[in-house]
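Subject: Handover of a structure

Dear colleague,

Please find the structure below, together with its sequence. I would be grateful if you would look through it before reading my notes.

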Amino acid sequence: MEKVVRLGSINEFLDGQFRQFELSLLDVLVGRIGSQWYAWNAQCPHGAFNIGRGLTKSGKAVCPGHGLTFDLINGNCIEEKYLRLTAYKIETRGKDVFIDLSGDMSL
Ligand code: FES
């Protein structure tokens, strides 16, 4: 799988909104708040459900599996503090947005 993937143009990402992308082997959630970018693996760390189906308008995602809520600013599960989403790095080059899938950026 390609490690750095173009997601689109910066102007396709509205401030405060997260979008889901289905990459070849991975679903990711990507959002921007002001100039800060966030990218998370969409697979719930509690199980195999896709939390992207539970996106809210307040920067959170509610997993359809068992209802746990994840904060998309820090990746933490609100109810179960030991659970955390896998983070990826976002790069902007000119007007384009890229995700680097080479590793978990939260380690
Ligand atoms: S699989 Fe997501 S809360 Fe259980």
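In which sense do strand 2 (residues 18–22) and strand 3 pair, and over how many bridges? They pair in the antiparallel sense, over five bridges. Two strands are said to pair if DSSP finds at least two bridges between them.

Two remarks on conventions come next. Residues are numbered from 1 along each chain as its sequence is written. The model is predicted: local features need pLDDT of at least 70 and side-chain atom pairs count only at pLDDT 80 or more, whereas totals for chains, interfaces and linings use all residues.

The chain as a whole

The chain has eight strands and zero helices. Both are DSSP runs numbered from the N terminus, with helices being H or I of at least four residues and strands being E of at least two. The C-alpha trace spans about 40 × 30 × 25 Å along its principal axes. The radius of gyration is 13 Å, which agrees with the value near 13 Å that a compact globule of 107 residues would have. This radius is taken over C-alpha atoms, and the globule rule is 2.2 Å times the number of residues to the power 0.38.

Of the 107 residues, 23% count as buried. A residue is buried if 20 or more other C-beta atoms lie within 10 Å of its own, exposed if 12 or fewer, and partly exposed in between, with C-beta atoms placed from the backbone.

Strand 2 and strand 3 form a hairpin with four residues between them, and arginine 19 stands opposite valine 30 in strand 3.

Strand 3 is also joined to strand 4 (residues 36–41) by six bridges, and these two strands run antiparallel. They form a hairpin with two residues between them, and glycine 34 in the turn has a positive phi of about 60°. Isoleucine 33 has glutamine 36 in strand 4 as its bridge partner.

Strands 1, 8 and 7

Three strands form an open sheet in the order 1-8-7, with antiparallel pairing. Its edge strands, strand 1 (4–9) and strand 7 (89–93), each pair on one side only. Five bridges join strand 1 to strand 8 (residues 96–100), and glycine 8 has valine 97 in strand 8 as its bridge partner.

Yours sincerely
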